[in-house]
Amino acid sequence: MAETRKYGTRAARDLYQVSPDSRDARGRNRWTHEFAHRFALAAVVVWCWAGYAAADDVPITSTAPIKIAVFAFELEDFSAAKEQGSSPNETAYLAQSTEEAKQQLLQSGRYSLIDTAAADMGAAKGQGLRNCGGCEAPIAMKLGADQTLIGVVTKISMMEYVVQFQVRDARKGAVISHFSTDLRMGAHDSWFRGVRWLMKNRMLAAK
């Protein structure tokens, strides 16, 4: 009877006693589980970091270009040859100056051009846009422009001139900015250079 109890007790002890191999297996399982958990956390961190890095690489959307109506440049002549009127060459140089202003605005990326070919210029007839009291604003607004630009080349003499820009809000009619060069020296075919200088160093340089 005592022997039976002894073997029974030993059997019970052996039943509940975990073998070294079993302990090793459970240790490996626990280590594997912990490693998998840590790996999953690391993967989440890397994924989040990659998401933020990708977000940083996405360029910030810039504001839409300003729609501007650039009207044909006008000549204001104070020279001794004023009574003779504008020559064909001067008309061509004014057109060249207008195109130079348009190209500088486009290349800046800050403006998009509104075509003024179909504009109703009746309000400026006989006096020009420079003397019509801001009539270019409603004209440009009908064309869908946000702003207007009128340019004037003031001819002092055969070799002296001044270039001026006036920018106006097409909806409100208010003058936004006015830019002017100093007195410049050069023949008529250099007017566009004065326009280029004024664009780069004044209008487009302004923030």
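Leaving aside neighbours within four places in sequence, I150 is in contact (heavy atoms within 4.5 Å) with F71, L129, R130, E136, Q164, F165 and Q166 in the predicted model. The residue I150 belongs to strand β4, strands being DSSP runs of E of at least two residues and helices DSSP runs of H or I of at least four residues, both numbered from the N terminus. I150 counts as buried because its relative accessibility is 7%, where buried means under 20% relative accessible area, exposed over 50% and partly exposed in between, with a 1.4 Å probe and protein chains only. Between I150 and L129, which are 21 residues apart along the chain, the C-alpha separation is 7.2 Å.

Strand β4 covers residues 147-157 and also holds Q147. With a relative accessible area of 13%, Q147 is buried. Not counting residues up to four places away in sequence, Q147 touches I66, K67, I68, A69, Y111, V167, R168, A170 and I176.

One of the contacts of I150 is E136, a residue of helix α4 (residues 136-142). The relative accessibility of E136 is 1%, so E136 counts as buried. Apart from neighbours within four places in sequence, the contacts of E136 are F71, L129, T148, I150, Q166 and R168. Helix α4 also contains I139, which is buried at 8% relative accessibility. I139 touches F71, A119, D120, M121 and L129, again not counting residues up to four places away in sequence.

Helices α3 (residues 88-108) and α5 (residues 191-203) have axes that come within 8 Å and cross at roughly 25 degrees; axes are lines fitted to C-alpha atoms, for helices over the stretch in contact, and angles run from 0 to 180 degrees between N-to-C directions. This angle makes α3 roughly parallel to α5, as angles under 35 degrees count as roughly parallel, over 145 as roughly antiparallel, 65 to 115 as roughly perpendicular and the rest as oblique. The crossing of α3 and α5 is right-handed, the near helix being turned clockwise from the far one by less than a right angle. On the α3 side, the residues that meet α5 are E90, Y93, L94, Q96, S97, E100, A101, Q104 and L105, and their partners in α5 are W191, F192, V195, R196, M199, K200 and M203.

The chain as a whole has five helices and seven strands, in the order α-α-β-β-α-β-α-β-β-β-β-α from the N terminus. Of its 207 residues, 32% are buried. Among contacts between residues at least 6 apart in sequence, 64% join residues at least 24 apart.

The mean pLDDT, the predictor's confidence in each residue from 0 to 100, is 80 for the chain, and 70% of the residues reach 70 or more. Over residues 1-20 the pLDDT is below 50, and this stretch has two contacts beyond near neighbours in sequence. Residues 41-61 also stay under 50, with zero contacts beyond four places in sequence.

Residues are numbered from 1 along each chain as its sequence is written, and side-chain values use heavy atoms, with hydrogens and water left out. As the model is predicted, local features need pLDDT of at least 70 and side-chain atom pairs count only at pLDDT 80 or more, whereas totals for chains, interfaces and linings use all residues.
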